[in-house]
Amino acid sequence: MNHNTEKTENIFRVGYTQYLNEEGRLFESLKNLSVAGVSSELLVEFYRWMLFTRTFDCKAIALQRTGRLGTYASCLGQEAVGAAIGKAMREEDVFIQAYRETAAVLIRGVKPEEILMYWGGDERGMDFQGPREDMPCTIPIASQCCHAVGISYAMKIRKEPRVAVVVCGDGATSKGDFYESVNAAGVWQLPLVFIINNNQWAISLPRDEQSSCETLAQKAIAGGISCEQVDGNDVIACYIKIKAAIDRARQGQGPHLIETISYRLSDHTTADDASRYRDDDNVGEAWQKEPMTRLRNLLLHELIIDKAGVEQLEKQCSDEIDAAVARYLAIPPASPTTMFEYLYETLPDHYLDQLEQVQKKILQEGEK
Amino acid sequence: MKDMTLIDAVNNALFDAMAEDQDIIVLGEDVGANGGVFRATEGLQAEYGRERVIDTPLAESLISGMAIGLAAQGMKPVVEIQFMGFIYAAFDQFLCHAGRMRNRTRGRLTCPMVLRAPYGGGIHAPEHHSESTEAIFAHIPGIRVVIPSSPGRAYGLLLAAIRDPDPVVFLEPKRIYRLQTESVDNNGQALPLDVCFTLREGSDVTLISWGAMLYETLQAADQLAERNISAEVIDLASIKPIDKTTILSSIAKTGRCVIISEAARSGGVASEIAAIIAEEGLMTLLAPVMRVTGYDTIMPLAKMEKYYMPSVEQIITAVNNVMEF
């Protein structure tokens with residue numbers, strides 16, 4: 001071995017997949033898609049869930065603007081990624097969300113009124129009755145990646161055929177928790193799929209100021225795990241690639257990372273005003289690529305659904321969301337004493353005087 | 001019964017806990033083949049395997065966050081952070097998730113994890129290896145902070161911490177890891193959490209301390225006894241929550257209190273105890289409550305260390321002051 005003259009150079013390539021283009025035309029025939037497990041029925045289901053999510057999102061913002069919801073993080077424009085995740089996962093898998101994967105969360109069985117409860121300031125919203133082992137949303141950026149390592153580690157040593165899927169944003173890839181998790185997932189070859197929902201903006205910081213990496217996906221290579229990019233506005237590509245990664249992880253082939261390229265069409269949250277830092281032109285361009293129009297065009301073009309069918313779906317979603325909102329608004333508030341009730345399994349006596357203070361406040365309020 | 005040092009007791013508790021509960025996982029840096037830099041986990045990996053005794057990559061936030069994920073899946077992770085000086089990277093996960101998980105999911109998910117770390121000064125260690133920052137953890141809601149001060153209490157309290165259904169920070173006073181050997185009944189019995197231990201009954205003054213400083217505190221009590229001053233010595237043990245019942249009933253008896261801690265003076269656990277006594281025990285006091293603590297300085301390196309650490313003489317001076325008040 002001559003260490004002085006030999007030089008090792010690793011050459012890597014990050015693939016990019018798009019099956020459904022901006023006009024709603026497929027690069028492959030539908031027949032091929034059926035081979036990949038994408039039936040006409042599944043396409044309609046995708047569209048229905050994306051529509052349901054967008055309807056929910058619009059309603060949530062309306063509720064916030066009228067004082068009936070707290071600060072809310074919209075997922076406008078990112079419905080495809082969520083829908084793909086939701087349909088690619090099995091019930092027994094564990095989803096570790098950030099906070100913009102509304103479509104996935106809904107598909108996994110969290111009720112719209114539960115999501116509203118959380119953003120409406122009620123902790124009970126994260127005690128969702130659907131996927132009991134799924135993690136609550138994660139506000140501190142990238143921290144959920146470490147939880148996903150622990151969750152998938154437990155699955156691996158228990159030899160369960162289950163997979164963990166974790167989502168973070170483009171901003172999260174700058175943080176230590178992201179790198180530490182990718183690295184550890186590689187070391188232990190965990191059944192874990194990382195998804196970077198790259199929506200181009202971390203509040204006001206654009207993608208190119210977040211990292212000089214050509215792709216965010218390639219950050220996985222440093223951790224020794226495979227990676228790729230997918231058009232995040234193409235639900236078909238997202239689904240096929242995410243499903244394949246989950247299947248491989250379930251078969252013991254280890255972790256994988258997918259960067260889905262999308263765009264945050266909304267403000268960061270309802271407390272944000274994106275016009276302070278980005279041009280309308282930029283957003284207008286992004287609207288041309290958004291995920292729902294292209295899928296609807298495909299469905300109409302391939303005669304899978306007609307205009308009346310689309311309108312019927314719109315009405316169904318709207319009615320269901322209205323009913324969920326009515327249920328949300330009718331939920332009586334929790335007792336303030338619950339802030340003590342769930343602090344420990346058994347509240348130490350040491351805090352009983354503080355509990356009495358809040359009980360006293362409740363009584364005084366009743367007397368007013 | 002077995003003769004053990006404090007570090008042996010930690011090791012024994014880990015062995016016994018892992019034997020009784022398959023869901024217990026030990027993870028940290030160098031905890032496997034190396035048995036931990038202080039040998040707290042010695043022999044565990046050989047006994048329980050690499051999957052349950054995990055050598056992690058060098059990433060404290062990962063270790064802490066991973067434990068939260070393991071706990072959410074029903075495992076019981078026992079994390080070793082190599083030195084308290086490296087715990088701050090793990091702090092973010094612990095504060096933002098471990099202590100909150102039960103509350104923010106209304107009990108759907110919980111976090112029965114233990115975060116162990118050696119802490120404290122007095123062993124001429126390198127920079128970042130000597131601080132006592134237990135107060136930072138004591139400020140976090142939803143968790144417990146426990147510090148043992150003898151081999152017997154290390155064994156019993158660590159078992160209790162591991163069996164507890166909520167997150168526990170377990171800080172081990174490394175200065176006394178090997179200072180004394182004690183016969184410990186390693187019968188798998190845990191000691192109670194959330195309570196103080198009265199190590200010595202007395203009637204003139206209450207001395208409250210925890211961790212390694214109890215060594216000097218008990219020496220001071222011996223010297224005071226020679227002068228017919230009867231000191232009651234309380235091992236706080238539970239830094240959070242603080243057992244105010246035991247403290248207040250002792251003060252009611254003695255009327256005087258000196259709190260001894262090697263941590264920085266301001267905003268410390270000693271201050272919290274003084275505040276509890278001021279609020280609820282003022283009328284029983286015969287003298288002001290005194291604190292004997294480290295300074296509000298950066299913990300000095302080895303050459304100046306002894307000037308930082310509270311001494312037996314400082315404790316006796318404080319007791320003299322409250323006796324003469």
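This is a predicted model: local features need pLDDT of at least 70, side-chain atom pairs count only at pLDDT 80 or more; totals for chains, interfaces and linings use all residues.
A residue counts as exposed when its relative accessible area is over 50%, as buried when that area is under 20%, and as partly exposed in between.

**Where the two chains meet**

- Chain A and chain B bury about 3800 Å² between them, and 57% of that area is on carbon and sulfur atoms.
- Three residues stand out on the chain B side: B:Gln73, B:Arg106 and B:Arg108 supply 24% of the area that chain B buries against chain A, more than any other three residues.
- B:Arg106 sits in the loop between α5 (101-104) and β5 (114-119) of chain B.
- With a relative accessible area of 8%, below the 20% limit, B:Arg106 is buried.

**The largest pocket**

- The volume of the largest pocket is about 750 Å³.
- Its lining is made up of 28 residues, and those nearest the centre of the pocket are A:Tyr351, A:Gln354, B:Ala138, B:Lys240 and B:Glu272.
- Two or more lining residues come from each of these elements: α14 (338-341) and α15 (352-367) in chain A, and α6 (134-138), β12 (238-240) and α10 (269-280) in chain B.
- The largest share of this lining, 7 residues, belongs to α10(B).
- Sorted by class, the pocket lining has 14 nonpolar, 8 polar and 6 charged residues.

**Enclosed cavities**

- There are 3 cavities of 30 Å³ or more in the model.
- The largest cavity holds about 130 Å³ of space.
- It is lined by 15 residues, and the closest to its centre are A:Gln97, A:Val105, A:Ile115, A:Trp119 and A:Met126.
- In chain A, α4 (102-107) and α5 (112-119) each give at least two residues to the lining of the largest cavity, with the largest share, 3 residues, coming from α5(A).
- The lining of the largest cavity has 11 nonpolar, 3 polar and 1 charged residues.
- The second largest cavity has a volume of about 40 Å³.
- Among the residues that line the second largest cavity are A:Phe95, A:Gln97, A:Val105, A:Arg108 and A:Asp134.
- By class, this second lining has 5 nonpolar, 1 polar and 2 charged residues.

**Nonpolar cores**

- In soluble globular proteins, nonpolar side chains tend to be buried together.
- The largest nonpolar core in this model has 86 residues, and those with the most contacts inside it are B:Phe137, B:Trp210, B:Leu236 and B:Ile273.
- Apart from this core lies another, of 71 residues, including A:Tyr19, A:Leu33, A:Trp49 and A:Val163.
- Leaving aside neighbours within four places in sequence, B:Leu236 is in contact with residues that include B:Val195, B:Ile208, B:Trp210, B:Ile247 and B:Ile273.

**Two residues seen up close**

- B:Ala13 belongs to helix α1 (residues 6-20) of chain B.
- The relative accessible area of B:Ala13 is 0%, so this residue is buried.
- Beyond its neighbours within four places in sequence, B:Ala13 is in contact with B:Tyr155, B:Leu158 and B:Leu159.
- Although B:Ala13 and B:Ile162 are 149 residues apart in sequence, their C-alpha atoms are 9.2 Å apart in space.
- B:Arg291 is part of strand β14 (residues 290-292) of chain B.
- B:Arg291 counts as partly exposed because its relative accessible area is 29%, which falls between the 20% and 50% limits.
- Leaving aside neighbours within four places in sequence, B:Arg291 is in contact with B:Ile259, B:Arg265, B:Ala270 and B:Ser271.
- B:Arg291 and B:Gln314 are 23 residues apart along the chain, and 10.0 Å separates their C-alpha atoms.

**Backbone details to look for**

- Most residues other than glycine have a negative phi, and most peptide bonds are trans.
- B:Asn228 has a positive phi of about 65° although it is not a glycine, and B:Asn228 lies in the loop between α8 (213-226) and β11 (231-235) of chain B.
- B:Arg106 is not a glycine either, and its phi has a positive value near 50°.
- The peptide bond from B:Lys240 to B:Pro241 is cis, with omega near -5°.
- B:Pro241 is found in the loop between β12 and α9 (244-254) of chain B.

Technical notes: Residues are numbered from 1 along each chain as its sequence is written. Chains are lettered from A and ligands numbered from 1 in the order in which they are written. Side-chain values use heavy atoms; hydrogens and water are left out. On a 1 Å grid over the protein atoms alone, a cavity is a set of points where a 1.4 Å probe fits but cannot get out, and a pocket is an open set with protein on both sides within 12 Å along at least five of seven lines; lining residues have an atom within 4 Å of a point. Grid points are joined across faces, edges and corners, and a volume is the space filled by probe spheres set on the points. Helices (H or I, at least four residues) and strands (E, at least two) are DSSP runs, numbered from the N terminus. Ala, Val, Leu, Ile, Met, Phe, Trp, Tyr, Cys and Pro count as nonpolar, Asp, Glu, Lys and Arg as charged, and the others, Gly among them, as polar. A nonpolar core is a set of buried Ala, Val, Leu, Ile, Met, Phe, Trp, Tyr and Cys residues joined through side-chain atoms within 4.5 Å. Buried means under 20% relative accessible area, exposed over 50%, partly exposed in between (1.4 Å probe, protein chains only). Contact means heavy atoms within 4.5 Å. Buried area is the accessible area (1.4 Å probe) that two parts lose on being put together, summed over both.
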